[in-house]
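This note sets out points on a model for a colleague's review. Please read it beside the sequence and the coordinates.

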Amino acid sequence: MKLRKQVTVCGGAIFCVAVFSLYLMLDRVQHDPARRQNGGNFPRSQISVLQNRIEQLEQLLEENHQIISHIKDSVMELTDTGAVSPSGHLPFRSANGSWVLPFDGRPTFLAVKPQDCQFAVGRNGQADVQMLDVYSLLKFDNPDGGVWKQGFDITYDPDEWNSDPLQVFVVPHSHNDPGWIKTFDKYFTDQTQHILNNMVVKLAEDPRRKFIWSEISFFSKWWETADIHKQEFCLLSPLQNQRIRGWVMTDEANVHYFAMIDQLIEGHQWLERNLGITPRSGWAVDPFGHSATMPYLLKRANLTSMLIQRVHYSIKKHFASTRSLEFMWRQAWDSGSSTDIFCHMMPFYSYDVPHTCGPDPKICCQFDFKRLPGGRINCPWKVPPKTVVEANVAERAHLLLDQYRKKSKLYRSNVLLVPLGDDFRYDKALEWDQQYINYQKLFDYMNSHPEMHVQAQFGTLSDYFSAVYKKHGVAQGSRPADYPVLSGDFFAYADREDHYWTGYFTSRPFYKSLDRVIESHLRGAEILYSLAVANARHAGMEGRYPVSDYALLVDARRSVGLFQHHDAITGTAKENVVIDYGTKLLRSLIGLKRVIINAAHFLVMKNKEFYRFYQTEPFLETVGGNTREHLCHKQNTHICTVSEHSLCFLRHVFLLQDDRYLVLFNPIEQERLCAVTVLVNTVRVRVLTEDGQTLPVQLSAQWSSASQMSAEVFEATFMVRLPPLGLAVFHLYDSPDSPMTLRSDTLLRLSGRGVTARAAEPLPVRSQQADAQTFYISSQSLTIKRKDDPQEVKVQMQFMIYGTRPSKDKSGAYLFLPDGKAKVFSWFFLRCLLASQTGFDRVSPEYCVIVSRWGARGRNAGVDGYSIDITTMVDIRDQTNKELAMRLVTDIQSGDVFYTDLNGFQMQPRRLHLKLPLQANFYPMPSQAYIQDSSHRLTLHTAQSLGVSSLESGQLEVIMDRRLMQDDNRGLGQGLKDNKRTANRFRLLLESRSTGNKMMDSATTSFPSVLSHMTNAILNHEVLALPILPKRRGIPPLQTFAPLKSILPCDFHLLNLRSIQSQQDPQSPSAHTALILHRLALDCGLEAQNLGFNCTTTQGQLSVSGLFKNLDLQLLQPMSLTLMDSSTPLANDSTISLDPMEISAFKLKLR
C-alpha cells in the first residue's frame, strides 16, 4: 500500500509540473515584448496572426505530449519495478515453493443473526405419515393379491351405501407426451391436433360430457392454428374442457426447481392470457416417482389439490390397506400447516382404463370401449368389451358398479374418481362415440335405479375434488376430518417385482448437463433483459433498445420448459427425439446469448447517448463466438460438446496485437471473488481493471494432446471481484513481462509407458510416470495430497463399473438392474494429472479426469477456494451393457444415513435398506448429496442431475453414464447407445462441525450451510465472459454495471427477475416484472468461513425499493407463484418478509 501511494504521489506531482509549465508558456506567448516587437516586422493581417498562433499552439501541444509521455513512461517504469495488485502486495513464493497470489485484501465479514439459524435446529414437522418410517416399516415383499396382483382382496357390505349413495366421477383424459416415441411436432401432426379438433366437435354434442387436458405446450400449438369457432368453444365452455398443469407434465426427479417453476408459469400465464382460466388442480399420472417439491410449488401457485400415480406398488398397497390414499401433503420442515395441499394417489398399477375402474383389470378392460372387437387393440385377458344395449345394460351396469364399490373402499369418502383414458387416446372420432355413448347409457341406467345407490357422471378433476370437500363440509383445499398428514417423497419407484426405475436418474447425462447450462443462461438473460429495459425506460431510451429480444426469451422459456417433460430430461425418449430436443435447446441457447450481449452492451455504456444498436454489428460476443465450439451437429445424428471445465473458463482466443476488452457477468446475487481463465495468443499479457489497476496473471499451457503443449495458445488466469448480478469491464493488452505475471511450472503425470511431455517455450514442464496410488484430501485446506500424507479425513476416489443381469430382464433407459455389486474399473483411472507450482492447480481438460483446486488458501480466496473442482471426462462408447460410477470412500462415520436434494430446493434424508435390492437404494441428485458424522460433512455438488447412493458407511457413489444395448420393456423399444463424450462437473466440499456443536439434524430434515449454498450457486451459475469486438471507430467509454443499491441478505436467492408478457402482444414485454425470491434455510452448526464478500442476514426482511440502483419502484404487489392471483399492492417503501424455505413472487414496476 505504501509503494502504491508513493507512485501515485510522484505521478501526480509530475503531471502538475507539466500543466503549470504549459500555463507559463502560453502566458509568455501572449505577453513577451520581444515577440511583439519582432512580430511588427511582418505584415499584421488577421490571417497571418491566426496562422502564427496555430503554429505556436501546435508546438506547445507537441511539447506537452512529450511531457505526458515522459510521465507515462516514468509511472510504467515504477509499476514494472514495483508493481502492486489491488491488495498492495506482490506475488511471492511460499516455503514449499508454490506461488501465492495477492488477492483483493478488502476486509469482508460473515454476520448471520442467531435468529436466522434457529429454523434448521432440530426442525421437524408434525405428520401422521412420514415416508422414512414407511420404508422402515414395510417388508417390500410381493405376495400374489389375486385379481389385484399387487394388492389384496376387497370385500364390502352391499347395504353400506343405502343412506349415503356412492358418487362417481368418470374423468376422460388423453395423456399426450410432448416427445417420446415421436418428436413433439410429429405427435402433434399425427395425433394431438386430431384429439383437440375432435374435442370441440364431440363435447358440443352433449353438455354432460367432460374432458381434461394437461400439456399446454400442445394446446398452445393447436390454438395458434385453430379457427375462430374452435377458439370460441374453448372460451365459452371451460367447465367441459378443463386445462390443468403447466407447459408440460414435468419430471420430478432430475429437474431443478428453477425450471419447474418456469414451465409452470409459462403454462399458467398462457391459460390466463388466452382463456382467462385459473387452474386449481394438479394432474401427474406419468412422472416416474414424485418429489415433495412439487406439492410445495403447486401450493404457492394457489392450487388446492393434486393427483399422483407412479408410486412403489408396496407403498400403494400399504396406503390402500390403511385408507390413506388421500392425504394432506406437508413439507417435512413445516411445523405448522401452511404448506399442506390435498393429494389423491391412484391405487393401481397404471393410469390406463384396465387399471382405473377397480381392482380387477380383466373386468375394467371390458369397459374400455376402444377395445371393442374389430379395433386395433384388444384386452390381454381375452374377454372383450361389449357394446351397451338395452338387453345387457343392467348386467353391464352391475358389473361395473361392483368395481366402483370395491375401489371406493380404499378411500375415506363416498366420492370416487375414475379416470378414463390412456396415451394419445381420443384421436379418432369413433373412439369419442364409443366411450361417451356407451358410458352415458351405463350412467343413465345407474342413476335411474335408486336401489343401486349410485350417482355416476362425467366430470373433471376439479369436479371430483369439489365434491370431496363438500362431502366433508370443508373449504377448498382444507383438510377433511381424520385425513392423514404425510411428509416425505416417493422415490424410488418400482412398478413390479424388483424393477426399480432408478436408471433414468443418469440416462443421457450429456443432455442433463446441457439443460442445466441453458437454464443458467435463461435466468441470466431474464435478469439482464429486465434490468436493461427498466434502465432504458428510466433514461427515456426504450425506443432505441432492442425490446424485440423478448421473443427470444419466450422461445427459450418454452424450449427449456419442453425439455422438463418426463420423457425428455429423463433420457427416456427415442434417439431421433433426443436430437430434436437438443436442436430446440441449441436454438434457444443462441437466442439467449443474443439477449445477454444486447443487454450487456447497453448497461456497460458509460454515456448512454453514445449507445447505438445494430442488428448486424454486435458490440460484444459470447464465449466461443462460433457456437459450434459448444455444441455441434455432425451428420444430423448427434450433438457433441467442447468441455468448458473450469468455473470461469473462457474458450475464446484473445489476439492481443490490439487492446482488447472483456466484460464479465456475475449471475449470482452476491459479490463474487473468483479465478477467470482466458485463452491468449501470447505470453506477454497484462490485465487491468476498469480503474487501471494491474491484476496478477498466471500463464499456463493449453494442451493440444495428452503430452503436447500448444505453442500458439496459452491460458491466462487472474482473480476478479465481480458485483452481484453485475457486469465488470477488464482491459487486456500485450505488455512486457512484469512481476505481476507468473508462468506456471508444470508437473505432468503420465500413465502410459514411453510417453514423454513436450513443452512450449517459455513454459517449463516436468514429467514422471504415474503409479496406482490414489489421491486424498485434507480436511483443513482441501488440497490434494498423496495417500501417505497426514490428514484428518481421507477421501479416496474410485471408479467402478456395473454390468446388467444375464436374465431376461435387463437394464435399460428406465430400469437399473445390475448383475451384482460394482467392480473396480481400473482402465478408467487417472490418465494424467498436472500439478501447477503456481497459484492455481489445473489439469488438461481433454484427456483425463480433472481434479482441480481453484483459488488459494487464504482469508479472501472466495467461495471457490474452499472446495475442489472435479470434472470427469466420460466416454464409454466402447463399452457394452456397462454403467460407470464414481465412488468416494471416506472415514466419515455416516452409518446408513445419507442426504440427497430434491430439485435443488431442499434436502431429503435417506437410509440404506439392506432388505431392498441394490438398485432400490439409488436416488436422484439434481444438485448435491452429502454424508456426515458428528465432526464433518462431505458434500458432493453437481452441475448435472445424476443417480446417487451411499452403499456403505462413509461412501458416496454417483452413476456417471450408462451404455445399454437393449430395451427394458417399458415402451421405448430402444436401449441407450447414443452416448456422448460428456464432462460431468462436481465440487467437493468438506466442512467441520463447530467446536462443541453437535449434529442437530432431525430424522426428517437437514439443511446446507451458507458456504454450501454458495458453492452450489457458483457451480451452476458460471461467470459469463463477453469479449468486446474490435471497432474501427474505437471503443467508447465503458463502466462497471452494479445494479444493486444495497446488499441482498445472503440467505436470499433471487430465483428470477422475469419480464411479464404484454396482454396485447405476446412477443413483447409489459411494463411489469416478476421478482421471485427464495429464502434459504441455513445450518449454522458448521464452521463459518470468510466467503470473500460481506454476508449478512436480516431475519427475512428486505426493502425492495432500496434494492435496485438508479431505478424507481412504482409498484410492489405480492402474487401467487405463477402470477395468476394477486394481493393488495404494498406501499412502495414497504419491507417484505420471507420465512426460511419460502418462495414468493412479486409484481414490480421499475422505471
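1. Basis of the note. This is a predicted model, in which local features need pLDDT of at least 70 and side-chain atom pairs count only at pLDDT 80 or more, while totals for chains, interfaces and linings use all residues. Residues are numbered from 1 along each chain as its sequence is written, and side-chain values use heavy atoms, with hydrogens and water left out.

2. Disulfide between Cys117 and Cys1084. With a disulfide taken as a pair of cysteine sulfur atoms within 2.5 Å, the count comes to four. One of them joins Cys117 to Cys1084, with an S to S distance of 2.1 Å. The torsion about this S-S bond is about -85 degrees, so the disulfide is left-handed. Cys117 lies in the loop between strand 3 (110-111) and strand 4, and Cys1084 in the loop between strand 46 (1069-1079) and strand 47 (1095-1096), so the pair ties together parts that are 967 residues apart in sequence. Helices (H or I, at least four residues) and strands (E, at least two) are DSSP runs, numbered from the N terminus. Cys117 is buried at 13% relative accessible area, whereas Cys1084 is partly exposed at 29%; buried means under 20%, exposed over 50%, and partly exposed in between (1.4 Å probe, protein chains only).

3. Disulfide between Cys365 and Cys379. The sulfur atoms of Cys365 and Cys379 are 2.0 Å apart. This link is left-handed, with -105 degrees about the S-S bond. Both cysteines lie in the loop between helix 11 (361-364) and helix 12 (393-408), so the pair ties together parts that are 14 residues apart in sequence. Cys365 is buried at 0% relative accessible area, and Cys379 is buried at 5%.

4. Disulfide between Cys1050 and Cys1095. Here the sulfur atoms are 1.9 Å apart. The torsion of about 65 degrees makes this disulfide right-handed. Cys1050 is in the loop between strand 44 (1024-1027) and strand 45, and Cys1095 is in strand 47, 45 residues away. Cys1050 is buried at 2% relative accessibility, as is Cys1095 at 0%.

5. An open sheet of six strands has the order 4-14-10-11-9-8, with mixed pairing; two strands pair if DSSP finds at least two bridges between them. Strand 4 (129-130) and strand 8 (281-284) each have a single partner strand, so one side of each lacks a neighbour in the sheet. Strand 4 runs parallel to strand 14 (residues 485-487), joined by two bridges, and Val129 has Leu486 as its bridge partner.

6. Strand 30. Of the eight residues of strand 30 (residues 795-802), seven are buried. Eight bridges join strand 30 to the antiparallel strand 35 (residues 882-890), where Ala885 stands opposite Met800. Strand 31 (residues 823-824) also pairs with strand 30 in the antiparallel sense, over two bridges, and there Val824 is the bridge partner of Met800.

7. Cavities. A cavity is a set of points, on a 1 Å grid over the protein atoms alone, where a 1.4 Å probe fits but cannot get out; lining residues have an atom within 4 Å of a point. There are 13 cavities of 30 Å³ or more.

Terms used: 1 Å grid on protein atoms, 1.4 Å probe; cavity = no way out; pocket = protein on both sides within 12 Å on 5 of 7 lines; lining within 4 Å. Points joined across faces, edges and corners; volume = space filled by probe spheres on them.
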